[in-house]
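Work through the exercises below with the model open. Each task is followed by a solution in steps.

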Amino acid sequence: MRLKRDIKFLLYCLIFYIAIFSLNRYQIIINDYILNIINLSLVYVILTVSLNLINGFTGQFSIGHMGFAAVGAYISGVLTTIIWKINPSNPLNYFLFFIALIIGSIASGLIGFLLGLPTLRLRGDYLAIVTLGFGEIIRTIINNIDYVGGPRGLLGIPKFSNFTVIFIITVMSVLIIRNIVFSTHGRAFKSIREDQVASELVGVNTTKYKVYAFTIGAFFAGLAGGLLCHLLQIAHPTQYGFLGTIFVLIMVYAGGMGSISGSIIAAFGLTFLSEGLRFLLRWIDNITPTITVGIEWRMVVYSALLIIIMLYRNEGLMGKREFKILIPEEEE
Amino acid sequence: MKTVLSLRNVTHYFGGLRAVNNFNIDLPEGALWGLIGPNGAGKTTIFNLITGVYKPTEGKILFEGKDITGLKSHIIVDKGIARTFQNLRIFNELTVIDNIRVAKHFKADYKITDSILRTKKFYNEERRIKEEAYNLLKIFGLQGRMNNLAKHLPYGELRKLEIARALATKPKLLLLDEPAAGMNPREVGSLMELIHSIRDMFNLTILLVEHQMRVVMGICERIKVMDFGETIAEGNPDEIRSDRKVIEAYLGSDGGRC
Amino acid sequence: MEKIFNLQQLINGIQLGSIYALIALGYTMVYGIVRLINFAHGDFFMIGAYASYFVIIFGTLRGYHIPVILVFIISIAAGSIAAVLANKIAYKPLRYKPRISALITALGVSMFIEYLFSALPFIGPSYRAFPNEQFIKSKIFEFGNTTISNYIIIDVLVSVGLMIFLTYIVKYTRIGMAMRAVSQDKDAAKLMGIDIEKIITITFIVGGGLAGAAGLLTGVSYPRIFPYMGVLPGLKAFIAAVLGGIGNIPGAMLGSYIMGISETFATSYNSLLGEGIAFAILILVLLFRPQGLLGETVAEKV
């Protein structure tokens with residue numbers, strides 16, 4: 001049957017879901033703290049895969065990705081918290097939550113489109129600077145809008161994002177992006193990465209497709225942002241600055257530019273590593289009373305990690321390969 | 001006889017440097033012509049102007065009677081002009097068959113929503129694309145390598161792949177930029193046969209740029225010679241072989257005999 | 001009244017431009033020679049500031065007055081050493097890999113330096129007051145309603161002096177000629193017997209040194225230093241280099257003064273505008289004249 005492999009994949013997902021859910025229900029191994037890290041990892045999967053679409057598959061230099069997430073987060077957050085004032089106690093409100101998420105994602109995609117249109121003709125290094133600037137501009141604008149909380153952030157966001165919601169949306173997002181990548185459109189994206197001139201000269205409208213990649217990537221980043229703020233119950237400008245983007249960039253590189261499977265592994269790996277690092281540093285702190293080991297050391301480790309990956313394993317964990325189970329059968 | 005390609009008084013400057021000066025050509029349907037000249041004569045620039053990489057500073061380019069001057073490259077490809085490159089531009093990290101399939105993208109008849117939802121249209125179109133790509137590879141003898149990454153192919157096969165990729169866009173005019181570069185005599189021989197047979201098989205008009213005189217003299221019906229951006233001679237192989245200006249500028253004292 | 005107001009701002013703008021110029025020159029030289037936007041360049045500037053800070057403090061605590069010229073040399077050396085290390089460890093191995101890798105690595109190096117300085121207990125993330133009075137006593141000159149401190153004069157003179165020195169090297173020495181050759185065509189230069197890596201290292205030494213000197217001058221004139229002080233000036237100096245034409249030395253100088261003066265005037269109207277003007281300039285340049293004021297368009301060979 002045509003979709004045998006996909007059914008298998010969904011089955012694995014279902015098993016994973018049931019396992020985690022049950023373990024958490026009885027607080028065996030997967031206590032609420034661990035579940036939260038899993039939730040966070042799943043959101044990062046969406047962020048990483050969507051950035052990978054732009055940077056890894058289409059070969060563009062976008063380093064302002066969290067700006068898109070911010071748009072999605074704030075718009076969906078404002079809708080649920082300030083305008084509609086809904087909360088999860090009434091399960092029917094979940095419909096409104098999804099609508100809020102979609103609106104936030106569409107807005108984010110639109111911003112991606114508007115940003116992509118004028119800037120995608122810039123050469124790589126310049127595009128990087130402009131996307132970097134864009135991310136910072138978004139953050140600065142949000143910081144100055146009192147209606148959404150300004151520098152204090154948007155507080156009291158209802159906790160609509162639970163494991164079930166996040167898991168389903170993540171799986172759907174991964175499959176959607178996977179389906180796009182393994183199609184003629186995906187080949188168009190990849191050809192732009194390989195050789196833009198040649199791509200244009202075999203009939204690909206490279207400008208259109210670069211903008212497509214940006215728009216789709218931004219859409220999913222916005223979706224992730226919406227999920228994130230409804231998980232943490234807060235949206236704060238500092239979460240969506242350059243630092244956040246670097247974190248996602250490291251995941252994209254560590255997993256492999258051009259590998260969805262790699263992005264998934266890296267998202268989980270680095271999120272858990274980050275938590276582990278926090279404990280490690282606190283433990284070191286306790287044994288060395290004179291030197292306080294603060295949060296800055298985490299960032300030192302991350303930046304060193306990025307440099308090491310770039311120097312020694314440029315292609316990341318998976319390079320451009322995928323797990324067999326994610327490759328659609330018609331490819332073979 | 002229908003004229004497929006016309007360049008009328010095409011002149012092109014790069015800043016202060018004049019790369020092409022008053023170039024004219026009327027390429028008839030089905031022709032197999034050659035464009036030769038020393039390095040830097042402007043031959044590749046002509047190809048770049050025809051395919052829309054640059055917009056000519058002056059002059060017009062007409063394809064099948066219609067003005068295509070200054071149009072974007074992918075639109076020109078859509079109209080039916082394809083090319084290969086002097087220094088191979090293969091999609092290295094894509095498979096051999098994917099290189100061909102990219103060239104079939106602009107004619108692919110399904111949208112992104114079809115990809116996402118994996119509709120019937122998606123499967124039908126993908127099947128058609130794969131079949132056409134496979135058949136094309138077979139003509140070039142590359143079908144056995146179809147799932148290998150292009151970067152793993154030997155040089156001679158990459159040159160063939162690039163021609164196959166150009167043909168995948170179903171062009172009426174094919175521009176070949178030094179297709180024999182770096183090939184040994186045996187490979188050159190089979191290339192010459194290949195060019196002849198694809199011209200007939202696909203009803204093509206072909207213009208090629210080449211330095212290897214065996215190819216030019218061997219298969220070209222008519223030859224234009226360029227130097228310093230200008231045409232210095234034009235004629236059939238015998239005429240060119242004995243033209244003094246050409247010999248001076250380019251061919252050397254043996255007149256191009258191999 | 002208006003006229004005098006503007007003269008003061010003009011002078012401040014020239015001071016700011018002088019400092020940006022020292023940083024921008026390093027950016028533009030490195031880009032010209034290895035086509036890399038060295039994001040960490042602003043951090044060499046920061047390192048120069050801290051190096052001179054510690055030297056002066058050390059001197060003050062021990063009761064010496066460290067000679068001015070020595071502090072300058074130390075700040076220049078600190079910037080140069082940092083630049084050479086960054087090149088050797090992080091950039092050289094990626095010399096022939098895709099450009100994006102080097103770009104991301106530069107980002108990583110920049111962050112690494114900033115966070116390391118922030119995390120080290122004896123440096124720390126907070127602001128420190130730069131002991132400029134112990135270094136050079138301040139003097140204020142007044143012309144009507146305009147005040148000029150001797151710091152401004154020092155900044156401009158030192159910057160211009162270093163720029164003249166750099167121009168001399170690039171134009172009239174063999175090393176300078178080699179640098180120009182490498183930036184135009186690496187392979188041809190290699191064939192002419194030029195040791196590419198040596199020239200690249202020298203470029204980093206010079207660029208880093210200029211940034212280090214800028215760090216000292218900044219510490220003296222705007223006496224607050226902190227580990228992230230290189231971020232904004234670095235970005236603005238980069239934009240200035242782009243404005244002038246990246247890879248073009250006179251362009252970097254021109255762009256820096258335009259940037260410094262524009263920013264000073266813009267800030268005097270509205271502080272938010274002052275921050276935004278750098279980005280506005282960048283966007284305008286990239287949209288309308290991406291090769292910069294003095295740059296040339298380099299077409300990609302097809």
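**Exercise 1.** Find the residues through which helix α7 of chain A meets helix α3 of chain B, and describe the packing of the two helices.

*Solution.* On the α7(A) side the contact residues are A:T184, A:R187, A:A188 and A:S191, and on the α3(B) side B:D98, B:R101 and B:V102. Contact requires C-beta atoms, placed from the backbone, within 7 Å. Helices are DSSP runs (H or I, at least four residues), strands likewise (E, at least two), numbered from the N terminus.

Next, sort the residues of this contact: 2 are nonpolar, 2 polar and 3 charged. Here Ala, Val, Leu, Ile, Met, Phe, Trp, Tyr, Cys and Pro count as nonpolar, Asp, Glu, Lys and Arg as charged, and the others, Gly among them, as polar.

Then take the axes, which are lines fitted to C-alpha atoms over the stretch in contact, with angles from 0 to 180 degrees between N-to-C directions. Residues 184-194 of chain A and 96-103 of chain B pack at about 100 degrees, with axes 9 Å apart. The angle therefore makes α7(A) roughly perpendicular to α3(B) (65 to 115 degrees).

The model is predicted: local features need pLDDT of at least 70, side-chain atom pairs 80 or more, while totals for chains, interfaces and linings use all residues. Residues are numbered from 1 along each chain as its sequence is written, and chains are lettered from A and ligands numbered from 1 in the order written.

**Exercise 2.** Which strands does β3(B) join, and in which direction do they run?

*Solution.* Pairing needs at least two DSSP bridges. β3(B), residues 32-36, has 4 bridges to β8(B), residues 205-209, running parallel; B:L35 stands opposite B:V209.

Methods: Angles under 35 degrees count as roughly parallel, over 145 as roughly antiparallel, 65 to 115 as roughly perpendicular and the rest as oblique. Two residues are in contact if their C-beta atoms, placed from the backbone, lie within 7 Å.
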